[in-house]
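Welcome! Take a moment with the sequence and the 3D view, and then let us walk through a few side chains together.

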Amino acid sequence: MVIIQEGVNMEYRKQSRILEIFLRSLRGEPIKPHQLASEFHCTPRSISRDMNDLKAFLVEHQEICGSIEYVYDYQERCYYLKMNDFLTS
């Protein structure tokens with residue numbers, strides 16, 4: 001039963017991390033995978049997976065979200081949330 005509890009805790013932490021990343025990006029903060037990995041005590045690859053999950057979610061819900069997407073800035077090595085008409089109607 002302890003193993004199941006650990007799995008639930010890990011899943012909760014991942015969901016919380018993804019939501020926090022999304023909320024930060026809504027505030028206009030750059031999303032820097034290496035920095036967030038250090039902050040959340042995970043690997044940069046975990047943050048990259050989180051970003052892929054967020055991008056896929058936005059594509060799947062484009063009819064609700066409108067034109068909103070994550071754009072990667074190669075010079076700054078971070079993601080930005082690009083929003084044209086998000087929640088305007």
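Tyr79 is buried in this predicted model, with a relative accessible area of 11%.

Where do the aromatic rings come together? The structure holds two aromatic pairs. In one of them, the ring centres of Tyr72 and Tyr74 lie 4.8 Å apart and the planes meet at 75 degrees, so this pair is edge-to-face. In the pair of Tyr72 and Tyr79, the centres are 4.8 Å apart and the planes stand at 65 degrees, so this pair is edge-to-face. The label follows because planes over 60 degrees apart count as edge-to-face. Through these ring pairs, Tyr72, Tyr74 and Tyr79 are linked into a cluster.

How are the members of this cluster covered? Here they are side by side.

| Residue | Relative accessible area | Class |
|---|---|---|
| Tyr72 | 29% | partly exposed |
| Tyr74 | 70% | exposed |
| Tyr79 | 11% | buried |

Now for the surface. Which residues form a nonpolar patch there? They are Leu23, Leu26 and Met83, and together they have about 240 Å² of accessible area.

Conventions
Residues numbered from 1 in each chain as written. Predicted model: local features only at pLDDT ≥ 70, side-chain atom pairs only at ≥ 80, totals over all residues. Heavy atoms only, no water. Patch = residues over 30% accessible without salt bridge, like charges linked within 9 Å, V, L, I, M, F, W, Y side chains within 5 Å. Areas by Shrake-Rupley, 256 points an atom, 1.4 Å probe, with all protein chains shown as cover. Salt bridge = Lys/Arg side-chain N within 4 Å of Asp/Glu carboxyl O. Phe/Tyr/Trp six-rings, centres within 6.5 Å; stacked < 30°, edge-to-face > 60°. Buried < 20%, exposed > 50% of the residue type's maximum accessible area, 1.4 Å probe, protein only.
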